[in-house]
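This report looks at how parts of a protein model pack and pair with one another. Please keep the sequence and the structure in view while reading.

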Amino acid sequence: MADSSRTGPARTARPVRPRRADSADRPVSTARMVATLYGSRIRSQATFRTSFVTDVLGQVLIVGTEFLELWVILSQVSTLGGMTLAQVAVVYGLGALAFGIGDLFFGEIDGLSSSIRSGKLETLLIRPVPLLLQISSLDLSLRRIGRIIVGLAMYVTALGISGFQPTPATLVLAALAPFAGALLFGALFTMAGALQFWLVDGREFANAFTYGGNYVATTPGAVFALPMRAFFTFVIPATLIAYAPTLALLDLPGPLLIPSWAGWMGLPAAVLAWIIAGLLWRTGVRRYTGAGG
Amino acid sequence: MATAAGIFTNTIFGFIRASIMFAAITTAGGELSGYTVAQAATYVWLGQALLAPIEAFGTREVSQRVHQGDVAIDLLRPTSFLGLYYAQKLGRSSFLLLGRGIPPLLVGAIVTGLALPENPVSYLLGAVSLLLAITVAFLADMMVNLAAFWLLETRGLTIVYNALMNLLSGFLIPILWFPDWLLTIARATPFPSMIQTPIDTLSGRVPPLEALPLLGTQLAWLGVLALAAQLMLRVGVRSVEVQGG
């Protein structure tokens, strides 16, 4: 008895080892790795409570003042782009929710330019973890939850006020739309990140499409003149993120180029955007030259 | 490259903002609280043009220097602390005024057209108002930065400041569109003096005679903020503790 306690658990564990060996030596599964990476980031940021809470409140404030712009306009005129305040709030809430989720996971990619310029990207490249996953988890900013909370609250409340008639199809769309939108924003952020491999200094250039896309997505699409509406529907599909789904959810007729059924086009557009984003990202990473550090 | 990218993004945002304002004005029947489509266009493009030179959305340099202790070097210099940074700001602003200010105005003039002032005096008063706006924005920004003497992390303060700026300065929408209570709040703050006033004066939407009281308000804020910033600096310096030589 005394003997076994001195040698400790190592000895008692030895007989079982052959059975566990192959699973222990194998690299961890992707799911496990994702959970570990994101988990560590979330824990580290939630540790400083006060700082975390202020950051979230700050985000809530920013989203609030952004919506005030639309609210002030709608206190002057009855409709904006053919939509009432409650309907505009659905668009805004859905857009903010989708952008919030996309921003949470991919928002920091456009900050890639500094590590590309300094050639420090290879510290990430030599690790046996997909580059995109590393960047996404390393820079995960939990404070962005503020935007998600406001967006979700607004989306649900405004849907209730604006006379949403739930049917199985519209319920599916209502649940699907935020994620399709988040995927689209994720693709836009990734493209913006990939472009840094060529532009290096052009971080702001990409902002036109990511943050600009958010601005367009949270606005009733009918306000845009035809060329702009076409650009933000077919090239940067921002109107398909929140405006088109809202038309479909509330059974409103759409303006030229954005019919009501386009509300269902968010997901296909997101898939297409991710294919392009993936190709761009791959080409960009291949093009990258390290500083030999 | 960075400048070109900035101009491009600035222009895209200008188009989005103009679209929203045009839609509102068209729905209202061609005019909304004194703004016609042409004036709204001028308002948006001047706003986009002046955003970079005024630097309304703040800088972080001084707060970082306070945190790192580099501020001690600035305080040792034989020039006044605020004067030193004001001189740097003026230099930056002049470059940004040319580099970032003119392109959006050109785009606006070509695509949507601009409403030019009827009275040439507007240009002169506009230039004065712009200089005052740059100064007021500089002083307010310095105060946010100098808060670093007491706060460990000024990011939260910066976020709040920027959110207020976004709304109350009249950058996103003209403050005249606000409901009365919000307009009263906005007018009680220095924010309209940073963006709304120079735009109104320079575009001639407010004729020269009526612009004079607005310039007076700017001047008053300049005085108040200069005193406050100087006071903050004086008290703050006493609490500075810098490690090492």
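## Salt bridges

Over all chains, a search of the whole structure, which is a predicted model, finds 8 salt bridges. Side chains of opposite charge can pair when their charged atoms come close. A salt bridge of this kind joins A:Glu66 to A:Arg147, and the closest N and O atoms of the pair are 3.5 Å apart. Because A:Glu66 lies in helix H5 (residues 49-76) of chain A and A:Arg147 lies in helix H10 (residues 145-161) of chain A, the pair ties together parts that are 81 residues apart in sequence.

## Two helices of chain A

Two packed helices are described by the angle between their axes and the distance between the axes. In chain A, the axes of helix H6 (residues 85-106) and helix H11 (residues 168-199) come within 7 Å and cross at roughly 45°, and H6(A) and H11(A) are therefore oblique to each other. The crossing in which H6(A) passes H11(A) is right-handed.

On the side of H6(A), the residues that make the contact include A:Leu94, A:Gly95, A:Ala98, A:Gly102 and A:Phe106, while those of H11(A) include A:Ala177, A:Gly181, A:Phe185 and A:Phe189. Sorted by class, the residues of this contact between H6(A) and H11(A) divide into 12 nonpolar, 5 polar and 1 charged.

## Two helices of chain B

In chain B, helix H2 (residues 37-54) and helix H6 (residues 121-146) pack at an angle of about 50°, with their axes 10 Å apart, which makes H2(B) oblique to H6(B). H2(B) passes H6(B) in a crossing that is right-handed.

Here B:Leu50, B:Pro53 and B:Ile54 of H2(B) meet B:Leu130, B:Ala133, B:Ile134 and B:Ala137 of H6(B). The contact of H2(B) with H6(B) has 7 nonpolar residues, with no polar and no charged residues.

## Where chain A meets chain B

How many residues does the contact take from chain A and from chain B? Chain A gives 33 residues and chain B gives 32 residues. The area buried between chain A and chain B is about 3000 Å², and carbon and sulfur atoms give 77% of that area. In chain A, the residues that lose the most area to chain B are A:Gln76, A:Glu204 and A:Tyr215, which together account for 18% of what that side buries.

Notes
Residues are numbered from 1 along each chain as its sequence is written. Chains are lettered from A and ligands numbered from 1 in the order in which they are written. This is a predicted model: local features need pLDDT of at least 70, side-chain atom pairs count only at pLDDT 80 or more; totals for chains, interfaces and linings use all residues. Side-chain values use heavy atoms; hydrogens and water are left out. Axes are lines fitted to C-alpha atoms, for helices over the stretch in contact, and angles run from 0 to 180 degrees between N-to-C directions. Helices (H or I, at least four residues) and strands (E, at least two) are DSSP runs, numbered from the N terminus. Angles under 35 degrees count as roughly parallel, over 145 as roughly antiparallel, 65 to 115 as roughly perpendicular and the rest as oblique. A crossing is left-handed if the near helix is turned anticlockwise from the far one by less than a right angle, and right-handed if clockwise. Contact means heavy atoms within 4.5 Å. Ala, Val, Leu, Ile, Met, Phe, Trp, Tyr, Cys and Pro count as nonpolar, Asp, Glu, Lys and Arg as charged, and the others, Gly among them, as polar. Buried area is the accessible area (1.4 Å probe) that two parts lose on being put together, summed over both. A salt bridge is a side-chain nitrogen of Lys or Arg within 4 Å of a carboxyl oxygen of Asp or Glu.
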